[in-house]
Amino acid sequence: MAQELIRMEHISKSFPGVKALSDVSFQLNAGEVHALVGENGAGKSTLMKVLTGVYAKDEGRIFLHGKEVDIRGVRDSQRLGIVMIHQELNLMNHLTVAQNIFIGREERRALFFLNDAALNRRARELFERLRVDIDPTVPVGSLTVAKQQMVEIAKALSYNSEVLIMDEPTAALTDNEIEDLFRVIRMLRAEGKGIIHISHRLEELKQISDRITVMRDGGYVATVDTAQAQTNQIISMMVGREIFITRSERAAPQNAPVALEVKNLNAGRMVRDVSFKVHKGEILGIAGLVGAGRTETARAIFGADPLESGEIFVHGQRLNIRTPKDAVRAGIAYLSEDRKRYGLMLGLSVQTNTSIAAMKRFLRAGFFLSDAREEQNMRKMIDELSIKTPSTHQLTRFLSGGNQQKVVLAKWLTRNCDVLIFDEPTRGIDVGAKNEIYKLLDRLAAEGKAIIMISSELPEIIRVSNRVVVMCEGRITGEVKGDEIDQTTIMRYATMREAQAIGGE
Amino acid sequence: MSEYKLKSKRYGGGFRAFFFDWMILILFVALVIICCVSNAQFRTMNNIMNVLRQASFISIIAMGEFFVILTGQMDMSITSTIGMTSIFFAGFVVNNGMPMGIALVLVLLMSAVVGLINGVLTVYGKMPSFIATLVVMNVLKGLYYIYSRGLPISGLPSSFNYLGAGYVFNIVPFPVVMMLVIAVILWAMTKYTAVGRAFYAVGGNAEASRLSGINTRFVGILAFVLCGVLSSVGALGLTARSLSGNVSIGEELLFDVMTIVVLGGTSLTGGRGKIFGVVIGALFLQVISNYMVLMSINTYWQWVVKGIILVAVVLIDSNTKKD
């Protein structure tokens with residue numbers, strides 16, 4: 001019997017109007033990687049915030065090494081050796097690696113002067129232990145996200161933590177970086193630490209975890225041994241029903257005219273000699289690893305970032321797109337992966353957000369905005385896209401992620417855009433809402449829109465695309481269509497670096 | 001399709017948000033009632049009209065600043081725009097014998113150019129607006145002190161006095177009518193025109209606005225130009241009251257203007273605010289000043305009281321969760 005580190009019993013937590021956790025229990029052993037999965041809003045993060053003292057629990061008990069503990073704040077949990085590494089890393093970019101690790105508990109000389117040399121030495125020891133190559137004296141901002149994560153892990157170890165909670169640690173990493181992270185996690189496991197791993201990526205949980213606990217709607221569903229768990233079984237526990245990822249039955253359009261064509265686009269290091277076409281009624285997937293230049297390509301087409309060279313044709317006509325305004329006028333829409341930053345004004349109503357790109361449509365006498373016409377359009381969109389909002393004047397920040405995404409879509413449909421570029425349209429939204437988005441994409445294509453979908457999730461690309469172009473290091477390395485679309489082919493292209501791509505031709 | 005029933009309209013955010021939006025109005029009504037009950041002099045028609053007239057020009061200036069703050073920026077240069085307007089208008093008319101109409105158009109244009117410079121430095125130059133407008137404020141001040149050697153220019157025709165002290169129908173001060181007309185026009189612009197909507201969009205999320213095809217640079221610059229022109233209009237009214245151009249006429253107004261804009265419910269981070277909030281903010285501040293004068297409280301106490309009000313409002317705004 002493994003030694004128990006943490007036991008949480010019958011934890012409940014309410015926020016005004018919402019029961020976030022109800023009677024949840026969780027247990028973690030020493031030397032174990034325990035995965036915590038569930039849709040967005042299932043309560044994973046809330047449970048972990050209770051464990052780390054960010055939130056106070058309403059009911060329930062927490063035990064560490066079999067003894068009940070009272071955790072009232074992050075300082076308490078840190079003292080007990082429980083550390084959480086958040087998805088958005090909490091590092092100060094301008095300070096050095098070592099300064100970040102020991103912030104707030106720096107060694108001093110003569111009570112007053114900081115001893116940076118000692119900090120650097122101790123940081124170096126931590127990295128040697130982790131066997132990662134990071135210079136403690138460089139500013140954290142100059143490191144890749146993966147290395148910044150290692151800095152966070154080193155920081156956690158410097159507190160002599162026994163329990164490490166990682167929230168979606170692989171979301172922003174490349175495959176190689178994930179391997180490295182997993183190596184470190186396995187090492188920590190071998191040292192007897194307990195690791196709680198929150199993730200959406202079921203495939204990677206199979207590689208790294210020992211047990212999986214599933215949560216749904218703030219409640220505990222089940223805990224299973226990873227070795228015996230089937231992926232479909234876990235998914236069905238997460239959503240409460242069986243779902244299977246199947247390819248869309250919508251056929252590729254025959255002889256449809258080209259809606260958008262780009263030739264030899266160049267923009268910085270991330271967009272190099274990119275050419276492709278999208279037809280009316282077609283969904284073109286753009287696959288590739290994070291950092292392959294997909295978002296940069298989309299932004300360049302949309303005029304959000306300057307283009308160095310290349311040609312853009314919309315419906316056969318060559319256009320000079322220099323600003324997003326030009327692109328919108330040409331009927332191109334871009335739905336960013338970071339909708340809160342690039343897609344929405346969260347403090348304004350859903351109706352305002354929906355009409356903001358097409359205000360001319362709602363002018364009376366060519367000058368005055370008509371609230372009635374805006375509302376009529378908003379209601380139509382709410383109906384067509386099943387946007388869940390209590391009123392047309394609801395502030396956008398109160399909507400769920402999936403519904404916010406639909407508001408962005410409503411904005412572009414209101415503008416009558418017929419070339420739609422979706423950049424990671426399902427990021428951060430739950431499985432049920434994802435399915436709705438897929439159906440929506442299918443329907444839009446059936447209505448004759450030309451759709452480009454950028455996604456890092458291969459099953460998603462495979463499910464919706466008629467054709468897929470694959471990028472690696474700013475270049476298009478391959479194209480697959482119809483029945484040839486499968487994970488292995490795409491991954492082969494996605495990892496085809498420049499030397500191979502040229503050698504292969 | 002959607003099983004969600006749509007409520008007919010309005011308040012996203014519920015009663016709390018409604019209350020917060022109009023809290024200033026409720027407080028203002030309460031303040032006026034207290035003043036009326038406790039001081040017989042306050043509630044005379046004469047005094048009330050006086051308060052309204054004093055509030056009118058500063059609220060026109062504050063409406064200009066409102067647009068800049070709405071887009072998430074700040075304009076420190078209004079004090080100099082006011083001084084410039086006053087001294088050059090008087091100079092053009094008195095020293096150069098220019099007809100008042102032409103001088104008026106000229107100073108308004110000059111103020112628009114000042115706004116344009118502020119806007120270009122901020123939007124194209126990507127300077128923090130605080131610094132850009134602080135620089136413009138000082139440079140401008142230097143220029144008009146050189147022009148006037150710091151001395152006031154008096155001797156404006158007495159007909160000009162109507163702008164500052166005239167009455168409509170022998171009862172309503174002309175400045176009050178002017179303020180209301182400007183407020184209604186600007187309110188209609190913010191609520192019913194595309195460009196008005198764009199101010200809120202840019203203040204709410206500039207990058208998302210740009211990616212929605214809004215010309216964010218134009219909107220950003222327009223805010224500063226509006227601020228310049230409206231400051232100038234207010235300055236002309238202040239000049240008309242004394243019938244002389246004065247370089248220092250605007251020097252103490254910046255603090256009051258900022259207080260008024262914030263008091264009116266405008267978010268300092270941009271994207272939220274109402275024109276009529278600004279009007280009420282101006283009235284609020286003026287009632288307090290007036291009441292303190294009537295109670296013969298030392299004028300210096302006004303600075304202390306206004307400071308406390310500004311801190312209180314910003315504290316409440318910064319610490320109230322609106323989501």
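Q: How much area do chain B and chain A bury between them, and what share of it lies on carbon and sulfur atoms?
A: In this predicted model, chain B and chain A bury about 3200 Å² between them, with 60% of that area on carbon and sulfur atoms. The size of an interface is often given as the accessible area lost when the parts come together. The contact takes 43 residues from chain A and 34 residues from chain B.

Q: What makes the pair E374(A) and R197(B) a salt bridge?
A: The criterion asks for a side-chain nitrogen of Lys or Arg within 4 Å of a carboxyl oxygen of Asp or Glu. The closest N and O atoms of E374(A) and R197(B) are 3.0 Å apart, so the pair meets the cut-off of 4 Å. Across the interface of chain B and chain A, the rule finds two salt bridges, and the count of residue pairs in polar contact between the two chains is seven.

Q: Which elements of chain B give two or more residues to the side that touches chain A?
A: They are α8 (174–192), α9 (194–204) and α10 (206–211) of chain B. Of the elements, α9(B) gives the most, with six residues. The residues on this side of chain B divide into eleven nonpolar, twelve polar and eleven charged.

Q: Why are β14 and β17 of chain A called edge strands?
A: The open sheet of four strands has the order β14-β13-β16-β17 in chain A, with antiparallel pairing. Strands β14 (271–279) and β17 (317–319) each pair on one side only, and they are the edge strands. Neighbouring strands of this sheet are turned by 20° against each other on average, direction ignored. Helix α9 (residues 294–301) of chain A lies across β13, β14 and β16 (309–314), running at about 70° to β14(A).

Q: What makes β3 and β11 of chain A a pair, and in which sense do they run?
A: Four bridges join β3 (residues 32–37) to β11 (residues 211–216) of chain A, and the two strands run parallel; the rule asks for at least two bridges, so they count as a pair. L36(A) stands opposite T213(A) in β11(A). Both strands belong to an open sheet of six strands with the order β6-β9-β10-β3-β11-β12 in chain A and mixed pairing.

Q: Which helices lie across β3 of chain A?
A: Helix α6 (residues 175–190) of chain A lies across β3, β9 (163–167) and β10 (194–198), running at about 145° to β10(A). Helix α8 (residues 231–239) of chain A lies across β3, β11 and β12, running at about 30° to β11(A).

Technical notes. Residues are numbered from 1 along each chain as its sequence is written. Chains are lettered from A and ligands numbered from 1 in the order in which they are written. This is a predicted model: local features need pLDDT of at least 70, side-chain atom pairs count only at pLDDT 80 or more; totals for chains, interfaces and linings use all residues. Side-chain values use heavy atoms; hydrogens and water are left out. Axes are lines fitted to C-alpha atoms, for helices over the stretch in contact, and angles run from 0 to 180 degrees between N-to-C directions. Contact means heavy atoms within 4.5 Å. Buried area is the accessible area (1.4 Å probe) that two parts lose on being put together, summed over both. A polar contact is a pair of N or O atoms within 3.5 Å; within protein, one must be able to donate a hydrogen and the other to accept it, and residues adjacent in sequence count only if both atoms are side-chain atoms. Ala, Val, Leu, Ile, Met, Phe, Trp, Tyr, Cys and Pro count as nonpolar, Asp, Glu, Lys and Arg as charged, and the others, Gly among them, as polar.
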